[in-house]
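Here's a quick briefing on a few side-chain and packing features worth a look.

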Amino acid sequence: MSIKVSYRLIKEELIQVDDCIKQHLSSTAHPAALPILSYLLQSPGKRIRPALILLLYKALTQGKTVTEAQHQHLIYFASAIELIHLASLVHDDIIDEADIRRSRPSIQAKWGVGSAVSLGVYLYSVALTLIAKVENLDILTLISLAVKSMSEGELIQLKERHNLNLNTSDYLAILQRKTGALFKAACLGSGHLAQGSTSLLGKLEKFAYHLGLLFQLTDDYLDMMDSHAHLTKKLGQDLAKGQITLPLIMLYTTLSAKDSQTLQAILVQGNTLGIQWIQDKIRQHKVHIQCKTYIAKEQEQAFTLLHDILVTSKYQEAVCQLLQYVAERILD
């Protein structure tokens with residue numbers, strides 16, 4: 001499913017977000033940083049997080065008067081969330097020694113680790129500048145907690161590399177910190193800006209939980225099983241770094257002692273040469289079906305919560321399409 005239809009409803013706002021990001025990055029940057037920033041912005045990605053913020057806000061404020069100041073705060077917030085996401089990708093590529101991001105050489109591969117570290121920090125600093133412009137303490141708190149959680153998730157994931165005894169519960173906890181935290185900030189931030197009730201914010205938090213898991217579960221599945229080039233990075237990139245994901249957790253419980261040793265050896269080798277063996281075993285033991293069933297349940301829970309949160313409208317439908325797009329990436 002394409003997300004272009006959903007994005008048409010917020011075309012002007014997404015342009016404003018892009019302009020806001022470009023303006024605040026270029027206007028404050030040292031000339032030495034401009035080539036790197038230009039390269040970064042040439043590949044903007046799908047902008048799922050700002051799109052989610054904009055669509056949720058529009059759905060929650062239907063029939064209400066939105067002042068120019070409130071609209072500008074929304075653009076600042078959506079821009080800040082996207083900058084934090086970009087910063088996390090730049091730093092993730094350093095940690096994973098990844099050469100490819102969005103089908104092009106990563107920042108660290110093209111300019112080196114030092115430049116990539118500095119760029120990531122710079123992106124975070126500009127995001128904080130934008131958050132200050134929102135003039136909302138609740139939003140600032142959300143962002144602070146999100147960045148803290150993302151950092152904790154990265155540290156835990158590093159500690160659990162190569163650990164095939166990692167259980168599903170602990171794995172999901174890592175995902176919720178690394179990926180879910182920013183989706184939570186995005187959804188709750190929209191609710192706060194729309195002046196939502198405590199009850200509404202509680203529902204948005206639950207929705208964000210399942211959305212975050214849905215997004216990362218599909219990414220982790222695709223890292224192992226992508227057959228349609230949905231990924232814009234190397235197939236098996238996470239596997240090569242010993243990242244333990246749902247397909248591996250489920251597969252490990254079904255393997256013989258001999259195959260378990262083979263899987264452990266592949267992880268220790270730290271390359272993608274064994275990915276075909278893993279894919280074959282995943283299909284042989286029907287682990288791919290188990291993973292898809294698990295992901296489908298997360299999608300269903302997210303859909304259910306979304307229909308409880310938002311009244312029927314074109315914006316609600318657009319968010320549903322966004323969810324469907326995320327989930328359908330795993331369909332063969």
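Is Tyr-39 buried or exposed? Tyr-39 is buried, with a relative accessible area of 12%. Keep in mind that this is a predicted model.

**Aromatic pairs**
- The count of aromatic pairs comes to 2.
- One of them is Tyr-39 with Trp-111: the ring centres are 5.1 Å apart and the planes sit at 70°, so this one is edge-to-face. The cut-off for that label is over 60 degrees.
- Tyr-39 belongs to helix H3 (residues 34–41) and Trp-111 to helix H6 (residues 107–111), so the pair ties together parts 72 residues apart in sequence.
- Tyr-39 is buried, while Trp-111, at 30% relative accessibility, counts as partly exposed.
- Then there's Phe-183 with Phe-215, where the centres are 5.3 Å apart and the planes are at 50°, so the pair counts as tilted.
- Phe-183 comes from helix H9 (residues 168–193) and Phe-215 from helix H10, so here the linked parts are 32 residues apart in sequence. Both of these Phe residues are buried.

**Charges over rings**
- Trp-111 has Lys-110 over its face, at 5.5 Å from the ring centre.

**Helix H10 against helix H16**
- Helix H10 (residues 198–225) packs with helix H16 (residues 314–328) at an angle of about 30°, and the axes are 9 Å apart.
- On the H10 side, the contact uses Phe-207, Leu-211, Leu-214, Phe-215 and Thr-218. They meet Val-319, Leu-323, Val-326 and Ala-327 in H16.
- Sorted by class, that contact has 8 nonpolar residues, 1 polar and no charged ones.

**Cysteines**
- How many disulfides are there? The count is 0.
- Cys-187 is in no disulfide either, and its nearest cysteine sulfur is that of Cys-320, 13 Å away.
- Cys-20 counts as buried at 6% relative accessibility, and Cys-187 counts as buried at 0%.

Key
Residues numbered from 1 in each chain as written. Predicted model: local features only at pLDDT ≥ 70, side-chain atom pairs only at ≥ 80, totals over all residues. Heavy atoms only, no water. Axes fitted to C-alpha atoms, helices over the stretch in contact; angles between N-to-C directions. Helix = DSSP H or I, 4+ residues; strand = E, 2+ residues; numbered from the N terminus. Contact = heavy atoms within 4.5 Å. Nonpolar A, V, L, I, M, F, W, Y, C, P; charged D, E, K, R; others polar. Disulfide = S-S within 2.5 Å. Buried < 20%, exposed > 50% of the residue type's maximum accessible area, 1.4 Å probe, protein only. Phe/Tyr/Trp six-rings, centres within 6.5 Å; stacked < 30°, edge-to-face > 60°. Lys NZ or Arg CZ within 6 Å of the ring centre and 35° of its normal.
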